[in-house]
Amino acid sequence: MDPFGDDTPVYVISVAAQLSGLHPQTLRTYDRLGLVSPGRTAGRGRRYSMRDIVQLREIQRLSQEEGINLSGIKHILELQRDNIHLREELAKAHAAIDDLANELESTRAVAARLAQQRRRGDVAESPGTDLVPIRHTGVVIWHERHSD
C-alpha cells in the first residue's frame with residue numbers, strides 16, 4: 001500500500017495553492033468556511049492531500065463556471081458526503097440482508113429435515129419445543145442521522 005495515497009496530507013499551503021490555481025488566502029478562507037479541511041501539523045500548519053487539491057479545483061469550477069456561491073458549494077459538498085455515507089450504509093444493509101437470507105435458507109433446510117424425521121418417528125416430540133430454535137438478531141437496517 002502506498003503510504004502517500006490520495007488522502008495523505010503532504011502539501012504545504014503554498015504548494016497546494018499552486019497545484020489548485022488558487023491564492024493561499026483563498027485556501028485559508030475555504031478552510032475557515034469548512035469547504036476543505038486540510039490536515040494539521042503539530043505546529044498547526046496546514047497540510048493538503050491530493051484529494052484536497054482535487055476538491056479545491058472542484059470548488060473553483062463550481063464557483064467560476066456554474067456561478068454557485070460559497071454557501072451553495074458548501075451545501076453541495078455536504079450532500080455529496082451524505083450521499084457517500086448513505087451508500088455505505090445501504091451496502092452494509094444489503095450485506096446484512098444477504099446474510100440473513102442465507103441463514104434463513106439454511107434454517108428452512110434444517111427444519112424441513114427435522115419435520116421429515118418427526119413424521120417418520122425418528123425424532124421424539126417434546127411439548128412446547130420448536131423444530132428449530134429462533135435466533136433473535138439486533139440487525140438494524142435503517143437509522144436516522146441527526147445533524148450536529
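Reader: In which segment is aspartate 6 found?

Author: This is a predicted model, in which local features need pLDDT of at least 70 and side-chain atom pairs count only at pLDDT 80 or more, while totals for chains, interfaces and linings use all residues. Residues are numbered from 1 along each chain as its sequence is written, and side-chain values use heavy atoms, with hydrogens and water left out. Helices (H or I, at least four residues) and strands (E, at least two) are DSSP runs numbered from the N terminus, and on that numbering aspartate 6 is found in the segment before α1.

Reader: Is aspartate 6 buried, partly exposed or exposed?

Author: Buried means under 20% relative accessible area and exposed means over 50%, with partly exposed in between (1.4 Å probe, protein chains only). Because its relative accessibility is 47%, aspartate 6 counts as partly exposed.

Reader: What is the distance from aspartate 52 to the nearest side chain of opposite charge?

Author: Aspartate 52 has its place in helix α3, and residues up to four places away in sequence not being counted, it touches Val36, Ser37, Pro38 and Arg47. Lys and Arg count as positive and Asp and Glu as negative, while His and the chain ends are not counted; a salt bridge is a side-chain nitrogen of Lys or Arg within 4 Å of a carboxyl oxygen of Asp or Glu. Aspartate 52 is buried yet has no salt bridge, and the nearest side chain of opposite charge, arginine 51, is away by 7.0 Å.

Reader: Within what arc do the buried residues of α1 fall, seen down its axis?

Author: In helix α1, which covers residues 13-20, the buried residues are Ile13, Ala16, Ala17 and Ser20. Taking the directions from the helix axis to the C-beta atoms, these buried residues line one face of the helix, because they fall within an arc of 100°.

Reader: Which elements do the buried residues of α1 pack against?

Author: The chain follows the pattern α-α-β-β-α-α along its sequence. From within that pattern, the buried residues of α1 pack against α2 (24-33), β2 (46-47) and α3 (50-64).

Methods
Contact = heavy atoms within 4.5 Å.
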